[in-house]
Amino acid sequence: MELVLKEQLKVKAIRAVDTYAVRHPVLRAGKPIDTCAFAGDDLDTTFHLGCFYEDELIGVASFLENDHAEHHLINAGQLRGMAVLQTHQGKGIGKILLTFGEAQLRTKHKSVVWMNAREVAVPFYTKLGYAIIGNVFDVPGIGPHYVMHKTIG
């Protein structure tokens with residue numbers, strides 16, 4: 001799976017370990033590199049996307065087949081570890097990764113996507129049609145989060 005958007009910009013499947021190059025500075029700055037390994041990264045049903053600009057990995061997103069029992073989100077995919085390098089933020093890279101990931105989940109017959117969104121990222125996801133479900137909760141060492149979801153099929 002690969003999507004070429006412009007001559008210099010493309011999205012393609014990558015390995016879990018490849019996501020660390022972006023996850024670390026964006027999501028786990030100052031923490032050990034092994035904190036970039038997330039539960040579910042290595043499941044056969046998980047896929048990882050990388051957005052490349054002129055062969056430089058600038059954004060990543062991981063998608064797991066994972067229902068959310070507490071909020072009754074079934075037949076669901078979960079977004080984890082989406083990050084875009086600071087020098088490329090605000091250029092639509094996150095939207096590209098999320099849109100491509102949603103399309104891939106639809107091919108797997110998933111009907112909803114959900115994520116634990118950092119509080120600061122809520123406006124970004126809201127603009128893309130995601131809604132908050134439930135109350136704010138704290139991820140120790142990371143900060144406040146909300147569960148957000150969107151119907152995709």
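Colleague: What volume does the largest pocket have, and how do I read that value?

Modeller: General idea: on a 1 Å grid over the protein atoms alone, a pocket is an open set of points where a 1.4 Å probe fits, with protein on both sides within 12 Å along at least five of seven lines. Points are joined across faces, edges and corners, and the volume is the space filled by probe spheres set on them. Here the largest pocket comes to about 790 Å³. Bear in mind that this is a predicted model, where local features need pLDDT of at least 70 and side-chain atom pairs pLDDT 80 or more, while totals for chains, interfaces and linings use all residues. Residues are numbered from 1 along each chain as its sequence is written, and side-chain values use heavy atoms, with hydrogens and water left out.

Colleague: Which residues lie nearest the centre of the largest pocket?

Modeller: A lining residue has an atom within 4 Å of a grid point. There are 30 of them in this pocket, and Leu27, Met82, Arg118, Ala121 and Tyr125 lie nearest the centre.

Colleague: And which element gives the most to the lining?

Modeller: Helices (H or I, at least four residues) and strands (E, at least two) are DSSP runs, numbered from the N terminus. The helices α1 (20-27), α2 (93-107) and α3 (122-127) and the strands β5 (76-84) and β6 (112-118) each supply at least two lining residues. Strand β5 gives the most, with 7 residues.

Colleague: How do the lining residues divide by type?

Modeller: Ala, Val, Leu, Ile, Met, Phe, Trp, Tyr, Cys and Pro count as nonpolar; Asp, Glu, Lys and Arg are charged; the others, Gly among them, are polar. This lining has 16 nonpolar, 9 polar and 5 charged residues.

Colleague: Okay, rings next. How many aromatic pairs does the structure hold?

Modeller: Rings of Phe, Tyr and Trp (its six-membered ring) pair if their centres lie within 6.5 Å; planes under 30 degrees apart count as stacked, over 60 as edge-to-face, and the rest as tilted. By that rule the structure holds 3 pairs. Take Phe47 and Phe63: their ring centres are 5.1 Å apart and their planes sit at 15°, so this pair is stacked. Phe47 belongs to strand β3 (residues 47-53) and Phe63 to strand β4 (residues 56-65), so the pair ties together parts 16 residues apart in sequence.

Colleague: Is Phe47 buried or exposed?

Modeller: Check the relative accessible area, computed with a 1.4 Å probe and protein chains only: under 20% is buried, over 50% is exposed, and in between is partly exposed. Phe47 has 8%, so it is buried. Phe63, with 0%, is buried too.

Colleague: What sort of aromatic pair do Phe124 and Tyr125 form?

Modeller: An edge-to-face one, 5.0 Å centre to centre with 70° between the planes. Phe124 is partly exposed at 30%, whereas Tyr125 is buried at 8%. Together with Tyr130, Phe124 and Tyr125 form one aromatic cluster. We've already met Tyr125 among the residues nearest the centre of the largest pocket.

Colleague: Which charged residue sits over the ring of Phe52?

Modeller: A charge sits over a ring if NZ of Lys or CZ of Arg is within 6 Å of the ring centre and within 35 degrees of the ring normal. Here it's Lys12, whose charged end is 4.8 Å from the centre of the Phe52 ring.

Colleague: How many salt bridges does the structure hold?

Modeller: You need a side-chain nitrogen of Lys or Arg within 4 Å of a carboxyl oxygen of Asp or Glu. The structure holds 4. One of them joins Asp18 and Arg15, at 2.8 Å from N to O. Asp18 is partly exposed at 25%, and Arg15 is exposed at 54%.

Colleague: Where do Asp41 and Arg23 lie?

Modeller: Those two side chains also meet in a salt bridge, 2.8 Å from N to O. The pair links distant parts of the chain, 18 residues apart: Asp41 is in the loop between α1 and β3, and Arg23 is in helix α1. Asp41 is buried at 5%, and Arg23 is buried at 0%.

Colleague: What about Glu65 and Lys110, how far apart are their closest N and O atoms?

Modeller: They are 3.6 Å apart, and the two residues form a salt bridge. Glu65 in strand β4 and Lys110 in the loop between α2 and β6 are 45 residues apart, so to read this link, look at distant parts of the chain. Glu65 is partly exposed at 30%, while Lys110 is buried at 13%.
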